[in-house]
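Reader: I would like to go through this model and ask what stands behind each label. Please set the values against the definitions.

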Amino acid sequence: MSRLPNTTAFKILERLRQDRSDLENNAIDQLLTGRIDRRAFLRHGSRLGLSAALMSSALGTVGLMGLRPARAQGAPGATIRVAQITPSGAINPVTVADQGGLLPLQIVGDFLVMDGPDLVLRPMLATEWTPNEDGTVWTFKLREGVKFHDGRTMSADDVVASIKRLADPANGSNALSAFKGVLSPEGIRKVDDLTVEFSLEAPNGNFPYYVSTDNYNAIIVPADTDPAAFEGSMIATGPFKRESYTPKVGATYVRNEDYWGGPALPARIELNFYDDLQPQVLGLLGGQIDVIQQVNVQGARPLLDNPAAKILRLKANTHRQVHMKTQSGPFADKRIREAMALTIDRQKLVDGLFQGMASVGNDSPFAPVFPSTDTTVPQRTRDIDKAKALMAEAGVSTVDTTLTTMQMQELPTLATLLKNFGAEIGININLKIEDVGAYYGDAVPGKSDWLDSEFGITDYGHRGTPNVFLSAPLLSTGTWNSANFSNPTYDQLVADYIAAVDLETQTEIAGKIQRLLLDETPIIFPYFYDYLSATGPTVSGVETTAMGQIFLNQASK
């Protein structure tokens, strides 16, 4: 049903949209006709590069609240003490591959685009971005007058060099998990000093997310940077400058007085590295720590409902994947895979493991937070009678298997619960719980329990778009295809989804993918859990993302 417009606002909007593309005006029309809500419009519009002013005008036309600019509220000059897990290796913008390493990068660096806690894209070093009609070429306009920490002015040359390093297979880039098959070094070119063009290997309607905070390696550094030596200087464009860095111990940063966004409120940031969560919790409760990068329900119970702490909670698509080998062993029969999925009480997992701070999964990567998720697809629920019938149809009364996972957060408990669920229909599960290093191994087939196990549980972090989840673990050629899933129809649907630029087409294709994965069930997605951080009771102005970044520009205490 169409919404009745505010006449004055409608006239303003009509003037603003005169120079916009058909794709951009289609997004506005979807809002005006009531086909998408405020949240979906903001995410969809920001992906296409609609400005905050234009989106606010469109929302005002139909009586909805626009975007509110952030305002500094606290007093300047504080030292903010942050606790995080110890980085696993050097702080190298090309190779950092863990949550411990991404925060030291982000504190000193900026991205072209920020994927905010509301999952709406915001300008950072890029002020605007636009696709061509089929989403094969994206053009980014850069912010003028941005200075690196050493005083040099950022230009398109620095952006081209930074992203080329990440897209080059010869560099061992962690960002290839996103860029492989999407962007090659040859597709990145300078148009002028403040314009960069990305010509993609195939149409991609979600490309701005690939150069946003979602791709935590993608900070912009000087063109002549030696990534292997970055830890010693950390020259970038961010609101804080490196003062000191001690591997396995911590780091200190001071305010960048020449920051393009204006000086940050804190005068100093102290990072403190820990091997596990418990001492971080004790440090927060004891007043030695102001912010914890990430907490989980299992390890942070003393903080929950405690006036001595504030929990920052973000709806996210962080999740666990329970893969089953589709080409060999008992799960080669999809009826047994579906039977296992039907034993699971998903709401019980959400309530028991996360105290309700999660959403039930429906055995596809399409989490509730994604605007393109087709909500008309029926939710899979526990059905023991149907599960037993499928086992009988497959001609088996019992199945023996081993479930392999790692000693991390709730994973051992989840494994035990799955063992109990499977036993109800004759799936007898032995558990193999390993340390994280043993589970991942070399992360290549033949040398990784993650990729080689018949039945396994793996942790997956948040992304602003489902593209990586659809590709790496599930495509026939996927680098993380632990289920050995190979389905040409699925592969084509994913290519079509990634190519789609408008939200209607994305949602239509998403529904087909969701239904196909429910039928095939190579992977069980039991839940998507909320991303939690914590601060002391007097700390304010901390903005987090579900990727693990912490923006402290407006922090005070």
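Reader: What makes residues 1-5 a stretch to treat with care?

Author: This is a predicted model, in which local features need pLDDT of at least 70, side-chain atom pairs count only at pLDDT 80 or more, and totals for chains, interfaces and linings use all residues. Residues are numbered from 1 along each chain as its sequence is written, and side-chain values use heavy atoms, with hydrogens and water left out. Over residues 1-5 pLDDT stays under 50; pLDDT is the predictor's confidence in each residue, from 0 to 100. The model has 14 contacts for residues 1-5 beyond four places in sequence, a contact being heavy atoms within 4.5 Å. Where pLDDT is low, the predicted coordinates should not be read in detail. For the protein chain, the mean pLDDT is 91, and 89% of the residues reach 70 or more.

Reader: How many helices and strands does the chain have, and how do you know where they are?

Author: The protein chain has 17 helices and 20 strands. Helices (H or I, at least four residues) and strands (E, at least two) are DSSP runs, numbered from the N terminus.

Reader: How do you know where the buried residues of helix 10 lie around its axis?

Author: In helix 10 (residues 346-354), the buried residues are Arg346, Leu349, Val350, Leu353 and Phe354. Seen down the helix axis, they fall within an arc of 100°, so they line one face of helix 10. The arc is that of the directions from the helix axis to the C-beta atoms. An α-helix has 3.6 residues a turn, so residues three or four places apart point the same way. The cover over the buried residues of helix 10 includes helix 9 (334-342), helix 12 (411-423) and strand 18 (527-535). Just after helix 10, Gln355 takes a positive phi of about 50°.

Reader: What makes strand 4 and strand 6 edge strands?

Author: The open sheet of four strands has the order 4-5-7-6, with antiparallel pairing. Strand 4 (126-131) and strand 6 (188-192) each have a single partner strand, so one side of each is left without a neighbour in the sheet. From one strand to the next, the twist averages 25°. Two strands pair if DSSP finds at least two bridges between them; strand 6 and strand 7 (residues 195-199) have four, in the antiparallel sense. Ile188 has Phe198 in strand 7 as its bridge partner. Helix 6 (residues 156-167) packs on the sheet and touches strand 5 (137-142), strand 6 and strand 7. The direction of helix 6 makes about 175° with that of strand 6. Axes are lines fitted to C-alpha atoms, for helices over the stretch in contact, and angles run from 0 to 180 degrees between N-to-C directions.

Reader: Why is the aromatic pair of Phe140 and Phe198 called edge-to-face?

Author: Rings of Phe, Tyr and Trp (its six-membered ring) pair if their centres lie within 6.5 Å; planes under 30 degrees apart count as stacked, over 60 as edge-to-face and the rest as tilted. By this rule the count comes to 18 aromatic pairs. Phe140 and Phe198 are 5.4 Å apart centre to centre with 90° between the planes, an edge-to-face pair. Phe140 is in strand 5 and Phe198 in strand 7, so the pair ties together parts 58 residues apart in sequence. Phe140 is buried at 0% relative accessibility, and Phe198 is buried with a relative accessible area of 0%.

Reader: What makes the pair of Phe331 and Phe455 tilted?

Author: The ring centres of Phe331 and Phe455 are 4.9 Å apart and the planes stand at 45°, so the pair is tilted. Phe331, in the loop between strand 12 (310-324) and helix 9, and Phe455, in strand 16 (residues 455-460), are 124 residues apart. Both Phe331 and Phe455 are buried.

Reader: Why is strand 18 called largely enclosed?

Author: Nine of the nine residues of strand 18 are buried, so strand 18 is largely enclosed by the rest of the structure. Strand 12 runs antiparallel to strand 18, joined by seven bridges, and Arg313 has Leu532 as its bridge partner there. Strand 13 pairs with strand 18 over three bridges, also antiparallel.

Note on methods: Buried < 20%, exposed > 50% of the residue type's maximum accessible area, 1.4 Å probe, protein only.
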